[in-house]
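Here is a short briefing to read alongside the model. Take a look at the chain first, and then we can walk through it by topic.

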Amino acid sequence: MYQEQRLSKILELLKERDALSAKEMIDYLNVSRDTIRRDFSILENRGLAKRTHGGIISIDEKTQISSFNERIKEFTKAKKSIAKNAKEFIKTNSVCFFDVSTITLKLAAYTKLKVYQN
């Protein structure tokens, strides 16, 4: 079975059960521990699931939003400091591209940038 096929199967099972253990997926897909770890990492990096000790869990949109809202409240003093210092590198009439993070949100607020979402 190819990697993308395994990933699809893992996601399909996650929709049904919300959590899978590495052991059961090793047995079910007949792959090595290293292979399933790589597959779990890929799914986590794509934002489709969250790795846990010994397994993987599904993440839904509500989980992602609440996690982002929690991170906004963390390390606010440090984030403001980073944003304030980063602001000095942005010149007038510049075009900037940002990913989605709580620090870039602070930077946009600090510089009063117009934010366009895709």
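In the protein chain, residues 24 or more positions apart make up 47% of the contacts with a separation of 6 or more. Please keep in mind that this is a predicted model.

**Overall layout**
- The protein chain has six helices and three strands, and from the N terminus on its elements follow the order α-β-α-α-β-β-α-α-α.
- Of its 118 residues, 23% count as buried.

**The nonpolar core**
- The largest nonpolar core contains 15 residues, and Ile 10, Leu 20, Met 25, Ile 36, Phe 40 and Ile 56 have the most contacts inside it.
- Helix H1 (3-17), helix H2 (22-29) and helix H3 (33-45) are the elements that give two or more residues to this core.
- Setting aside residues up to four places away in sequence, Ile 56 touches Leu 14, Asp 18, Ala 19, Leu 20, Phe 40, Leu 43, Ala 49, Lys 50 and Arg 51.

**A look at Thr 104**
- Thr 104 sits in helix H6, which spans residues 102-111.
- Thr 104 counts as buried because its relative accessible area is 15%, and the cut-off for buried is under 20%.
- The side chains of Thr 104 and Ser 101 are joined by a polar contact of 3.0 Å.
- Beyond its neighbours within four places in sequence, Thr 104 is in contact with Phe 98 and Asp 99.

Note on methods. Residues numbered from 1 in each chain as written. Predicted model: local features only at pLDDT ≥ 70, side-chain atom pairs only at ≥ 80, totals over all residues. Heavy atoms only, no water. Helix = DSSP H or I, 4+ residues; strand = E, 2+ residues; numbered from the N terminus. Buried < 20%, exposed > 50% of the residue type's maximum accessible area, 1.4 Å probe, protein only. Polar contact = N/O pair within 3.5 Å; in protein donor to acceptor, adjacent residues only side chain to side chain. Contact = heavy atoms within 4.5 Å. Core = buried A, V, L, I, M, F, W, Y, C linked by side-chain atoms within 4.5 Å.
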